[in-house]
Structures are given as C-alpha cells and as structure tokens.
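Dear colleague,

I am passing on the structure we spoke about, and I would be grateful if you could look through it alongside the notes that follow.

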Amino acid sequence: MRILTDSAADLSPEEAESLGVTVAPLFIQFPGQEVDSKDLTPDEFYDRLRSMAPKIPTTAQPSAGIFADLYQKLTEAGEKVLSIHISSGLSGTIQSARMGAQALLNADVTIFDSMTLSGAQRFQVMAAALAAKAGWAKEAILERLERIRESTEVIYTLETLEYLAHGGRIGRVQALAGSILKIKPVIRVDREDGKYSTVTKGRTLKATMGAMTDHLANMYGTVEPLWVSVMHGQLSEKADEFSSMLGERLNISKLEVLRISPILGVHTGPGIVGATVTPMRLMEDFNS
C-alpha cells in the first residue's frame with residue numbers, strides 16, 4: 001500500500017523519502033506568481049512575507065487533475081493507495097482528492113480525513129507509512145489512524161490575528177479588537193469538526209504558553225508517555241522556552257522542535273508557537 005498526503009502535514013522531504021510517502025503540492029499565490037510551497041524554506045517564506053507587507057499571499061489546493069495523475073502513477077503497479085489529508089473543516093483539498101480518485105476507473109484509493117493539520121496530520125501519515133511497511137491490512141491501519149485522530153491535540157498561540165483574519169479563518173472585527181488590545185489567542189483544532197476553536201486569550205506569549213501547558217497537562221496528565229512536537233514559525237527562543245515548560249508538566253518520551261511549513265505560515269505569520277501531542281503507544285508498535 002502506498003501513502004499519499006499533502007504539504008499541510010509538515011512532513012520534511014527527508015521523512016517523506018525515507019517513509020516512501022508521496023506529497024501532493026499545496027500552492028502559495030504571491031502577486032503575479034504561484035509557488036509550490038515545498039520549494040520555499042520557512043525562513044525564505046517569512047522573509048518574503050515581511051517584504052510584501054501589508055499585502056498577504058493566499059493559498060491554493062491541488063486540482064483534481066493533480067490528484068488523478070498522482071493516483072494513476074501510484075496504482076499502475078496494482079498497488080492500493082491511502083490518501084491522508086488536511087482537515088475538511090479547514091481546506092477543500094480532500095474534495096479535490098475525492099474528485100481525482102473518482103476520475104480513475106480501476107484505482108483502489110481510500111481517502112482519509114485527518115480532521116487536523118500540521119504535526120497531528122504528520123503523526124497520522126507517519127503511522128500509516130510505518131504500518132504499511134510492516135504489512136498491516138488497510139482496515140488495521142485505518143483503525144489506528146482513527147485512534148491517533150481521537151487522541152492527538154494541536155494547540156498554538158499567535159502574536160497577531162492579522163493573518164488568520166486575512167485568510168477568512170476568523171472575523172476581521174475580532175482580529176481588529178485583538179490587535180488594539182494586543183491579545184494573543186490560544187487556538188486548538190477541534191477533533192469533532194476539524195475547525196479552529198479558541199481556548200483562551202492572554203496579553204503576552206508567556207501567558208498563553210502557560211495556558212497551553214495547563215491545557216495539555218489537564219488533558220494528558222503526568223503518567224502517559226507522550227510524543228511532543230513543538231512547532232514554530234520564527235520564534236525559536238519561545239519554542240525552546242515552551243519545550244521546557246512542557247517538560248516540567250508532561251511525561252515526554254520524545255520531544256522535537258519543528259518549523260511550521262510555509263503553506264500554514266500564510267495563515268499564521270511568523271509569530272506562532274504551539275505543540276502537537278500524541279500518546280507514544282500509538283506510534284511505536286508497528287513491528288510487533
């Protein structure tokens with residue numbers, strides 16, 4: 001079985017290659033130019049984002065034709081495809097994937113809605129790839145993905161609401177109020193509808209990082225061993241600080257600090273720090 005995902009999974013090129021995962025492109029639309037998001041490093045993107053202020057680029061999902069071509073290539077040798085995508089509550093990407101699959105008569109393609117994005121989508125893709133390599137049946141892989149989807153939390157805080165407002169993710173009135181009051185939101189991805197939900201707000205990133213730490217500690221406790229991915233745009237010092245805060249409250253088996261991909265950075269800007277957390281037991285038994 002072959003695994004396909006999209007650029008919103010924050011899977012590095014090296015990880016995609018080693019796991020044998022195909023990544024469908026998501027595009028960033030700058031004035032007069034459309035760029036495959038994977039062709040920009042995070043710092044290249046954020047530097048370009050700052051240089052074009054106050055304008056903000058937009059994003060575009062892959063067409064059904066792109067998906068059809070990818071599925072055609074992956075299934076030519078008779079292989080099945082499991083296609084895992086950014087939440088349908090945040091993007092139309094999965095609809096393009098379904099249309100692409102429907103265009104092929106004999107392709108065995110299963111579409112799975114991650115109901116999330118970024119590091120949480122990455123965990124699902126990694127698990128699917130490792131399970132497929134270990135010879136798991138499709139039904140067993142899907143069952144594991146559902147458990148990971150139900151057990152993984154994505155939460156983050158932002159320096160500004162400007163970028164989310166521009167992308168239509170929140171109202172402009174809310175963004176303006178937040179800007180005037182210098183309010184930093186704490187946002188999570190709701191597992192029920194795969195959309196953004198505000199947890200709380202604070203006046204400083206230190207306060208909102210503390211709120212995120214409390215939220216995750218209340219959710220996971222101190223016993224369950226966890227895999228924690230701390231994610232940021234261009235806030236490396238805050239990411240390190242947040243990592244330390246989490247380390248004091250959670251039972252972390254694996255900790256990594258990663259960069260938010262440019263395709264997601266369009267909607268957050270460089271001032272984002274957050275975490276993706278999942279139980280370690282759901283990510284480590286694929287060869288057993």
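A residue is called buried here when its relative accessible area is under 20%, and exposed when that area is over 50%. Please keep in mind throughout that this is a predicted model.

A related case is S118, which is found in helix α5 and has a positive phi of about 55°, although S118 is not a glycine either. The relative accessibility of S118 is 4%, so S118 is buried as well.

The backbone also holds a cis peptide bond, which joins A53 and P54 and has an omega of about 10°. As for its setting, P54 lies in the loop between α2 (42-51) and β5 (58-60).

Finally, I would point you to H85, which sits in strand β6, a strand made up of residues 81-85. Is H85 buried or exposed? With a relative accessible area of 0%, H85 is buried, and its side chain is joined to the side chain of S83 by a polar contact of 2.5 Å.

How values were computed: Residues are numbered from 1 along each chain as its sequence is written. This is a predicted model: local features need pLDDT of at least 70, side-chain atom pairs count only at pLDDT 80 or more; totals for chains, interfaces and linings use all residues. Side-chain values use heavy atoms; hydrogens and water are left out. Helices (H or I, at least four residues) and strands (E, at least two) are DSSP runs, numbered from the N terminus. Buried means under 20% relative accessible area, exposed over 50%, partly exposed in between (1.4 Å probe, protein chains only). A polar contact is a pair of N or O atoms within 3.5 Å; within protein, one must be able to donate a hydrogen and the other to accept it, and residues adjacent in sequence count only if both atoms are side-chain atoms.
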